Amino acid sequence: MKYNNKNLVQNNTAAFEEIISIIEQARENAFRAVNHELISMYWEIGHYISKKVTLDNWGKSTVQEFSRFIQSYFVGIKGFSPQNIWRMKQFYETYAKNEKLSPLVREISWTNNLLIMMAAKSDDEREFYLLLSSKNNYSKRELERQIDSSLYERTMISSEKNQLLLTRSTGLTALRDNYVLEFLDVPEHHKEKELRKAIIGNLRNFILEFGKDFSFVGEEYRVQVGNTDFNIDLLFYNRELACLVAIELKIGRFKPEHLGQLEFYLEALDRDVKKQNENPSVGLILCTKKDDEVVEYALSRSMSPAMIAEYRTHLPQKELLTNKLRELRALAEAENLVDDEDNGTVE
C-alpha cells in the first residue's frame, strides 16, 4: 500500500490546528475567569471604601494606612497603591446604580476600565466603549487610540458601523493586563524580560554595594500620572544627596526619547513622592548592547552647576557602570537567558 505523504502531512496539520484552537480557547477562558475575579475584587473593595468614606469619614491618611497594611500583609503584592484604591472607589460609584453596565465592566481589563471611566462623558459612551473593548479584546493602546480618535462621536449616528466594529476578536491581547499578571503573581515569560530581570537584579545589588548612602526603594516602582501608570525599573534613595535616584535600563542602543521618558519620571517623583525637605530627584539611563554600553545622567536643569557637580560626585561613575553592564550582559548570555544577538531575540 502506498501512502501519500503530502496528504498525510496536510491531514495532520489540520488536526493539529484544531488542537491549537482548543488550547487557545481554554487559555482565553482562564484569563477571562481570572480577570472577572480581579474586577469583582476591585468592585467589592471600592464598595467598602465608599461606605467607610461616607459613614466613618475615611480620608487620605486612612487609605494610605490601609494601603501599607495590605502591602505588608501580602508581601510583594501590587495594585494596591493609595491611588489605585481611590480608583476602586470611583469605579464602584460610577457603575453601582447602573444595572446595564455593571456586568460589562467584568468583561474587560482593569486598565481598559480606567481608560473608559475617565474618558467617557455619559453612560451611552461608556456602554459603547465597554462593548467595543469586550468584543474585540482591545489592548490598552488600541482602546486609547480609538478613544482619542473620538470613535464614539463618529459612529453614534450609524448603527451599521457599530455592528461592524463589534465583530472582530484578537484573542488574549487585552487580557494579558499587568494587573491580571500581578494578581496571579505570574511573570511574563519573554527572553528580553528575563534578560532585563537578570541585569536589574544584579544591578540593584551592585548599587547597594557602591556605598552605604544608597537605600533601595523599589523595583518596577509604579508612579501614576493622570489616569496612567508608569513603572521605574529601579528606585533608590541617596542619604548623602537627600534625593531619590531613578534607574532605567534599556535593552538596545540609547535613543533621545529615553532621556525624555526619564525626565518625565523624575518630574512625577518630585511632584508626588519626594518630600519637601529633599532635593530634586536624579536619574540614570543604562543602555546595554554588545560593545555599546551607554550611561546617561538625567539632572534637573533647575539645579546650580555646583549641585550638579555634587550629584555627579556621589553617583556611580560612568566607567564603573559601563564595565558592570558589560559584565552583567555577558553573565546573562552565559546562563542562556537570551539567544545570540544574531538570532534577533533582543533588539
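Start at Arg-145, which counts as partly exposed at 48% relative accessibility. The model is predicted. Arg-145 forms a salt bridge with Glu-142, and the closest N and O atoms are 3.0 Å apart. Both residues belong to helix H6. They sit three residues apart there, so about one helical turn separates them.

Arg-126 and Asp-123 are three residues apart in helix H5, which means a separation of about one helical turn. Their surroundings can be read from the accessible areas. Arg-126 is buried, with a relative accessible area of 14%. Asp-123 is partly exposed, at 38%.

Next come Asp-56 and Lys-52. Their side chains meet in a salt bridge of 2.9 Å, N to O. Asp-56 is partly exposed at 41% relative accessibility. Lys-52 is partly exposed too, with a relative accessible area of 22%. In total, the structure holds 11 salt bridges.

Now turn to the loops. Helix H5 spans 123-136 and helix H6 spans 140-148. Asn-137 lies in the loop between these helices. The phi of Asn-137 is near 50 degrees, a positive value in a residue other than glycine. Asn-137 is also buried, with a relative accessible area of 2%.

Ala-242 lies in a loop between strands. Strand S2 (228-238) is on one side of that loop, and strand S3 (243-251) is on the other.

Methods:
Residues are numbered from 1 along each chain as its sequence is written. This is a predicted model: local features need pLDDT of at least 70, side-chain atom pairs count only at pLDDT 80 or more; totals for chains, interfaces and linings use all residues. Side-chain values use heavy atoms; hydrogens and water are left out. Helices (H or I, at least four residues) and strands (E, at least two) are DSSP runs, numbered from the N terminus. Buried means under 20% relative accessible area, exposed over 50%, partly exposed in between (1.4 Å probe, protein chains only). A salt bridge is a side-chain nitrogen of Lys or Arg within 4 Å of a carboxyl oxygen of Asp or Glu.
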